[in-house]
Amino acid sequence: MEILVCAKRVPDTSENEIELDRAGTDIERDELVYSINEPDNYAVEEALQLVDRTGGTVTVTTVGAEDDEEILRREMAMGAHHAVLLSDEAFEGSDGRGNAAILKAFVQKGKYDLILTGVQADDGAAQVGGMLAAMLDYPFAALVNSIEVLDGGKLKIGREIEGGNREINEIDLPCVLSIQTGINEPRYVGMRGIRQVASREIPTFDAGDLGIDPDTVGEAGAKLERLDYFIPAMGKGAEMLEGSPEEITGKLVELLKVKGGLN
Amino acid sequence: MARIFVYVVHKSGVPDDSAPELLAAARRIDPAQSPTALLTGCGAELEAVCGALTASCQEVWKIAGEALAYPNAELVRKALAAVVPPGSIVLVAHSHFGVDLAPGLSIRMNAAYAPDVVEIEGVTGAALKLVRQEFGGQVSAHVRCDISGGAVIGVRPGAFKPIESAPAGGQVIDKSADVGPLTAGRRYLETVVAETGAVDITKHQVLVSIGRGIQGEENVPIAEELAEAMGAAVSCSRPVVDAKWMEKSRQVGSSGKTVKPKVYMACGISGSFQHLAGLKGNPFIVAINKNPKAPIFRVADVGIVADILEFLPQLTNRIREECAVPAKGGHRS
């Protein structure tokens, strides 16, 4: 099976406190720690496990700039066979539809049986996979947490739905699936593994290579535009307990007694 | 102003809780317009839910068909794209079903898509101004959505308060004939219901709930000891289950269990909306997190900025000293 995984490099929210910059309209980006979007990491692992079972290759791609190459290299260290960076000034400011259009152009240059994305990225939009599928007229399923290969060009997939229940579907290949976290246990990648793929070539495709009209993507083609960032209101906000550990645990125990937290 | 539709999910003849929220969100886009409800399904259940919605909407558009008996997003998308006029605005709940349906629907309609919207600030010309959240809710963003060619708006469940409106006395309009035969490359087989597990967290009054901040399976006993001292059970958030540190049956959230405890100790949990969606009944929430910007502090009653690996053992010791009674049988985690 030929599998394409679409990934994104994002600020790692478990490593960063996201703050506003001095102008108050963007986030402070100077000292952010970046990593591969967590659900995308599960998507790469799932692709690798599928080709282990069925044969074939895994290609990874991302829409981004030079810095984003690091996640592609990381994915090659995990075992991905090919990596391609989709990069062009005209791509900057793309909304979900723009990114899906860029990926569609790339998909059509190859031949993939299965396209995987992570369920969502740092913007929580969960949109590119579903859009890409519609543009390609492929079937789509979101929140996939199990994949079984069936005979006859089909997969049996589980989707996560409300209450921890799972919806089981049969889906025809080629298709697009958005992968939910927890579907597998992504393998560890150490510095050594990344060094081993350091010299592997990662080609870059620009708008011309992909046959994309620059006016249809990037800021020019976007129907959705972020105006600014802001810190949401606290609501009622928590009463913050401060002081020494003894003082804090003392206050907390008193509160828990009153609220029925100690039984 | 474009015509506004709300796609209503339903079960057993009853509209989903998101329906009145979507209607409220529609009024935020155009207060003067009675939004049109849009439903798919079949049989008596569909008739019942369409009838119920005539109280809220002047028009209820019904698409009935055997193929739509189970809401397979691939089929629902085709049905909606066939009946919704170009340029319309369609509101969909940003749920497990919504993320399956809506992004592709926006492409089929050649319309804008604004996912996971938490507030609607209004319309100026063809620009709809919205609020979304990014980075796990740590920051919000104002977003401008170009609605000149229509739009699909994914509305976050729980973000809009239902509003009371006068009975609409609406009518049901059958659009089924506008939809051709429906087939898709994806076929629904069955639903597998989640297991309850050895400990039923929905039955406990006090929960010590752990998130990513627990850092490893080897640290889970720290939470278990606190829970034992408090007479509580241990629950968790999604990353803990993804990492296989606890069973899925312990997960609180929209894709886990819905719990209604009296006291909820959120330990190293950032507080995503998916997690909070599983927390009902207005519990007393204690949040312990080393990130002072964690969204959980916005909804907690009491907050402590600390590393849970240090703080939880201190709290456990304090409770043991103060209470100095043996742990009761039957309440153990």
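Q: How many helices and strands are there in chain A?
A: The first thing to take in is the secondary-structure tally. In this predicted model, chain A has eight helices and 13 strands.

Q: And what are the dimensions of chain A along its principal axes?
A: Look at the C-alpha trace here: for chain A it spans about 65 × 45 × 40 Å along those axes. As for contacts in chain A with a separation of 6 or more, 69% of them link residues 24 or more positions apart.

Q: Moving on to the two chains together, how many residues of chain B are in contact with chain A?
A: Interfaces can be described in more than one way. The size of an interface is often given as the accessible area lost when the parts come together. Here we count residues instead: 74 of chain B are in contact with 71 of chain A. On the chain B side, strand E9 (residues 139-146) gives the most, with eight residues. That side of chain B divides into 33 nonpolar, 20 polar and 21 charged residues.

Q: Which strand of chain A is joined to E9(B), and by how many bridges?
A: Follow the bridges across the chain boundary. Strand E12 (residues 224-230) of chain A is joined to E9(B) by six of them, and the two run antiparallel. For one specific pair, find Glu225(A): opposite it in E9(B) stands Arg144(B).

Q: In what sense do E1 and E6 of chain B pair?
A: Strand E1 (residues 4-7) and strand E6 (residues 89-93) of chain B pair in the parallel sense, over three bridges. In one of the pairs to look up, Phe5(B) has Val90(B) in E6(B) as its bridge partner.

Q: Let's end on a single residue. Why does Val220(B) count as partly exposed?
A: Count C-beta neighbours. Val220(B) has 18 of them inside 10 Å, so it counts as partly exposed; buried would take 20 or more. Val220(B) sits in helix H5 (residues 220-230) of chain B. Beyond its neighbours within four places in sequence, Val220(B) is in contact with Ile214(B), Trp245(B) and Met246(B). Trp245(B) is 25 residues from Val220(B) along the chain, yet their C-alpha atoms are separated by 7.7 Å.

How values were computed. Residues numbered from 1 in each chain as written. Chains lettered and ligands numbered in written order. Predicted model: local features only at pLDDT ≥ 70, side-chain atom pairs only at ≥ 80, totals over all residues. Contact = placed C-beta atoms within 7 Å. Helix = DSSP H or I, 4+ residues; strand = E, 2+ residues; numbered from the N terminus. Nonpolar A, V, L, I, M, F, W, Y, C, P; charged D, E, K, R; others polar. Pairing = 2+ DSSP bridges. Buried ≥ 20, exposed ≤ 12 C-beta atoms within 10 Å, placed from the backbone.
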